[in-house]
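Colleague: I would like to learn how to read a model of this kind. Can we take it one feature at a time?

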Amino acid sequence: MPRYYFHVEFGEYSPDLEGTEFATPADAQGSAGRLVAEMMVDQVRFWRVPGLTVTVTDDWGVVLWKIDVTTFASPAAAVGDP
């Protein structure tokens, strides 16, 4: 089974050194989307970090997919110190 690597940048870069095997590329792509959604649930950290990037590569380091989420909190929308 092919192995996919999910490298995360969310305030700091965290390379995936082990990878995960998936039966199909669609399974790996779906897992990337779920990973981003799970990270967005942490509302306090999500709004304090200026962005979230998940880059999925293959065994050779070829980028297959990249998900970028950019956050911006205007001072006009301040809701207190989270």
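Modeller: Start with burial. This is a predicted model, and of the 82 residues of the chain, 30% count as buried. The chain exposes about 5600 Å², of which carbon and sulfur atoms supply 58%.

Colleague: What radius of gyration does the chain have, and what would a compact globule of 82 residues have?

Modeller: The chain has 15 Å, whereas a compact globule of 82 residues would be near 12 Å. The spans of the C-alpha trace along its principal axes are about 50 × 20 × 15 Å.

Colleague: Take α1. Which of its residues are buried, and which are exposed?

Modeller: Helix α1 covers residues 25–41. Its span from first C-alpha to last is 25 Å, close to the 24 Å expected at 1.5 Å a residue. Buried in α1 are Ala 28, Ser 31, Ala 32, Val 36 and Met 39. Seen down the axis of α1, the buried residues fall within an arc of 135 degrees, so they line one face of the helix. Ala 26, Glu 38 and Val 41 are exposed on the other side of α1.

Colleague: Now the aromatic residues. How is a pair of aromatic rings described?

Modeller: A pair of aromatic rings is described by the distance of the centres and the angle of the planes. The structure holds three aromatic pairs. In one of them, the ring centres of Phe 6 and Phe 22 are 5.9 Å apart and the planes stand at 65 degrees; the cut-off for edge-to-face is over 60, so this pair is edge-to-face.

Colleague: Where do Phe 6 and Phe 22 lie, and are they buried or exposed?

Modeller: Phe 6 is in strand β1, and Phe 22 is in the loop between β3 (20–21) and α1, so the pair ties together parts 16 residues apart in sequence. Both Phe 6 and Phe 22 are buried. Together with Tyr 4 and Trp 65, Phe 6 and Phe 22 form one aromatic cluster.

Colleague: Which residues does Pro 2 touch, leaving out those up to four places away in sequence?

Modeller: Pro 2, in the segment before β1 (3–9), touches Thr 20, Glu 21 and Phe 22. Between Pro 2 and Phe 22 the C-alpha to C-alpha distance is 6.1 Å, although they are 20 residues apart in sequence. Pro 2 has a relative accessible area of 40%; buried means under 20% and exposed over 50%, so Pro 2 is partly exposed.

Terms used:
Residues are numbered from 1 along each chain as its sequence is written. This is a predicted model: local features need pLDDT of at least 70, side-chain atom pairs count only at pLDDT 80 or more; totals for chains, interfaces and linings use all residues. Side-chain values use heavy atoms; hydrogens and water are left out. Helices (H or I, at least four residues) and strands (E, at least two) are DSSP runs, numbered from the N terminus. Buried means under 20% relative accessible area, exposed over 50%, partly exposed in between (1.4 Å probe, protein chains only). Contact means heavy atoms within 4.5 Å. The expected span of a helix is 1.5 Å times one less than its number of residues. The arc is that of the directions from the helix axis to the C-beta atoms. The radius of gyration is taken over C-alpha atoms; the globule rule is 2.2 Å times the number of residues to the power 0.38. Accessible areas come from the Shrake-Rupley method with a 1.4 Å probe; for residues, only the protein chains shown count as cover. Rings of Phe, Tyr and Trp (its six-membered ring) pair if their centres lie within 6.5 Å; planes under 30 degrees apart count as stacked, over 60 as edge-to-face and the rest as tilted.
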